[in-house]
Amino acid sequence: MIRVQAEDFDMGTEIAKLSANNFDIGAVCAFLGLVRDMTDGTLQSLTLEHYPSMTKKELLKIEQEARARWSLSECLIVHRYGTLTRGDQIVLVATASQHREVAFESCQFLMDFLKTRAPFWKLENTSKGEKWVAARASDSSATARWMEANNK
């Protein structure tokens, strides 16, 4: 399931819905991303922009790739957009499977690909002005490792 929304979410409720009445699930792994201040204390807000149809299409591709690589019982991606402040929840990724290794790996895969492939643009609003957030080399390296592993 994929949702892109401005509204906040409750992680516990989302996990409960993900695994409700599915007794084949032996493991759920979840990642909760929060807005952090990478500006030495000057961050006032972070604005996330996206094109809804483009974003949904790319998130579906990422989810389909995870489902092709692992046997997942359930998969959840909730990503927020709009203006957020320090400490706000920004993304929730959760995977459920029969075994923990699959849940851990697939959850990490989804987050790595979200960081590099999901078309969200982040604008930091600081006390010193606004600045678009650039992609980090470490995120690209993480995605590249998955691609290399897939080619072996």
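Predicted model: local features only at pLDDT ≥ 70, side-chain atom pairs only at ≥ 80, totals over all residues.

Colleague: Is W132 buried, exposed or partly exposed, and how does one decide?

Modeller: The general idea is a pair of cut-offs: a residue under 20% relative accessible area is buried, one over 50% is exposed, and one in between is partly exposed. W132 has 47% relative accessibility, so W132 counts as partly exposed.

Colleague: Which residues make the nonpolar surface patch of about 470 Å²?

Modeller: That patch is made by Y51, M54, W121 and W132.

Colleague: Let us turn to charged side chains. How many salt bridges does the structure hold?

Modeller: The general idea is that a side-chain nitrogen of Lys or Arg must be within 4 Å of a carboxyl oxygen of Asp or Glu. The structure holds 7 salt bridges. In one of them, the side chains of E14 and R3 meet with N to O at 2.6 Å.

Colleague: Which parts of the chain does the pair of E14 and R3 tie together?

Modeller: E14 belongs to helix α1 (residues 11–19) and R3 to strand β1 (residues 2–5), so the pair ties together parts that are 11 residues apart in sequence.

Colleague: Is E14 buried or exposed?

Modeller: E14 counts as buried because its relative accessibility is 7%. R3, by contrast, counts as partly exposed, at 21% relative accessibility.

Colleague: With which other residue does E14 form a salt bridge?

Modeller: E14 also forms a salt bridge with K17, where the closest N and O atoms are 3.9 Å apart. Both residues lie in helix α1, 3 residues apart, which is about one turn of the helix. K17 has a relative accessible area of 53%, so K17 is exposed.

Colleague: What links R3, E14 and K17?

Modeller: A network of salt bridges links R3, E14 and K17.

Colleague: Where do E65 and R69 lie, and how far apart are they in the helix?

Modeller: E65 and R69 lie in helix α2 (residues 52–69); they are 4 residues apart, so about one helical turn separates them. Their side chains meet in a salt bridge, 2.7 Å from N to O.

Colleague: What is the relative accessible area of E65?

Modeller: The relative accessible area of E65 is 29%, so E65 is partly exposed. R69 also counts as partly exposed, at 22% relative accessibility.

Methods: Residues numbered from 1 in each chain as written. Heavy atoms only, no water. Patch = residues over 30% accessible without salt bridge, like charges linked within 9 Å, V, L, I, M, F, W, Y side chains within 5 Å. Areas by Shrake-Rupley, 256 points an atom, 1.4 Å probe, with all protein chains shown as cover. Buried < 20%, exposed > 50% of the residue type's maximum accessible area, 1.4 Å probe, protein only. Helix = DSSP H or I, 4+ residues; strand = E, 2+ residues; numbered from the N terminus.
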